[in-house]
Amino acid sequence: MEFKIAVLGGDGIGPEVTAQGVMVLKALERLYGHRFDLEYGDVGGASMDNHGTPLLPEVRDLAASADAVLFGAVGGPKWDDPSASQHPEDALLQLRAHLGVFANIRPVKVYQWLADSSVLKPAVLEGVDLVVVRELTGGLYYAQPKGRTQTPQGISAVDTMRYNEEEIERVLRVGFELARSRRGRLASVDKANVLECSRLWRQTAIRLAPEYPEVELEHVLVDSCAMQLIQQPSRFDVIVTENTFGDILTDEASVLAASMGVLPSASLAGVPRSGGTIPGFYEPIHGTAPDIAGKGIANPIGSILSVAMMARYSLGLTEEAAWVERGVEQVLADGYRTADIAVAGASPVGTEEMGGLILAAMERGR
Ligand code: IPM
Ligand code: MN
């Protein structure tokens, strides 16, 4: 099979970890005989420096024409000025909107071997295997009005949370479908005691529920969800929530997995199906980590597992996806750790070394 993959490494550790994701794609070419036409583009701060804009139209078109996008991360202190007219993050937000990838799938799986690396007690982490479905193209991030005006009281700023029923329904359906294919539990997370958008969200969930009799739906307020994610995380199967809530809750949930460095994500314009071939946008959930950028110590597992998700949902390569995931698990089971997941006293491996170890484990495990 031949596929076109857009590779957008971005800033900070983005390009370093993405290079390891690419290394895994090349392994799929070698060992399974697939062909990947890899097309690279600048994005974020790198694009601002080189082209004066966070996202060139041709890079946007490249992403839109690809079977899948492998994305790194964007942003950094160099471009952090809040009064600037453009920001590296604009590239990511524009790409998500342009590709229409409204469902961001963020699985949080706790690997038993990493329990010691977590700040939480092992007993709390036992059996944690959840997926957050974050609405990605609406809400506070995008709705109008948005901006600043000069008022007699000084500058005034506004962001708007707005959702229509259609936007809510399509992402809730992704949650229901995922729950149906997993343990059958869906937590719809909202703030229906205060926000009108959340009341519409909850009503829509209640309206759809009868179509999914095998799914047990519950409504959880976002503040309570934040607490329960730490107190009793194994109670969750699938969580579905709006954009901003999902942004915050997924950073929190990453603590369960010991490090953000190991977590992948997929953003899709529909329901993820194993063996499916819908175009998608794949990125580790971590950011650019400017403090360790260029040092060769970042954890590539988030990017590598994002490639596995890409194989499964956009390239129809289920077996290959499982093969990548087994490689990662083997290396963790063997005790190799990058700095972010290393336990005191152990000597960590670097980004490339970790990538190489995973590749070797994949080759052995085939
Ligand atoms: C994420 C990031 C982005 C977001 C930023 C970089 C715009 O935090 O993917 O979670 O807020 O969506
Ligand atoms: Mn985030």
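Analyst: Start with the axis. A helix axis is a line fitted to C-alpha atoms over the stretch in contact, and angles run from 0 to 180 degrees between N-to-C directions. Keep in mind that this model is predicted.

User: How close do the axes of helix α10 and helix α11 come, and at what angle do they cross?

Analyst: The axes of α10 (residues 301–313) and α11 (residues 318–333) come within 7 Å. They cross at roughly 160°. Angles over 145 count as roughly antiparallel, so α10 is roughly antiparallel to α11.

User: Is the crossing of α10 and α11 left-handed or right-handed?

Analyst: Left-handed.

User: Which residues in α10 and α11 meet?

Analyst: From α10, Ile301, Ile304, Leu305, Ala308, Ala311 and Arg312 take part. In α11 they meet Thr318, Ala321, Ala322, Val324, Glu325, Val328 and Leu332. By class, this contact has 10 nonpolar, 1 polar and 2 charged residues.

User: Now the sheet. In what order do the strands stand?

Analyst: The order is β2-β1-β3-β12-β11-β4-β5-β10-β8-β9. These 10 strands form an open sheet with mixed pairing. β2 (35–40) and β9 (216–221) are at the edges. Each has a single partner strand, so one side of each lacks a neighbour in the sheet. From one strand to the next, the twist averages 25°.

User: How many bridges join β8 to β10?

Analyst: There are 4, between residues 185–190 of β8 and residues 238–241 of β10. These two strands run parallel. Leu186 stands opposite Val238 in β10.

User: Which strands does helix α6 lie across?

Analyst: Helix α6 (residues 165–181) lies across β4 (103–109), β5 (129–135), β8, β9 and β10. It runs at about 165° to β5.

Terms used. Residues are numbered from 1 along each chain as its sequence is written. Chains are lettered from A and ligands numbered from 1 in the order in which they are written. This is a predicted model: local features need pLDDT of at least 70, side-chain atom pairs count only at pLDDT 80 or more; totals for chains, interfaces and linings use all residues. Side-chain values use heavy atoms; hydrogens and water are left out. Two strands pair if DSSP finds at least two bridges between them. Contact means heavy atoms within 4.5 Å. Angles under 35 degrees count as roughly parallel, over 145 as roughly antiparallel, 65 to 115 as roughly perpendicular and the rest as oblique. A crossing is left-handed if the near helix is turned anticlockwise from the far one by less than a right angle, and right-handed if clockwise. Ala, Val, Leu, Ile, Met, Phe, Trp, Tyr, Cys and Pro count as nonpolar, Asp, Glu, Lys and Arg as charged, and the others, Gly among them, as polar.
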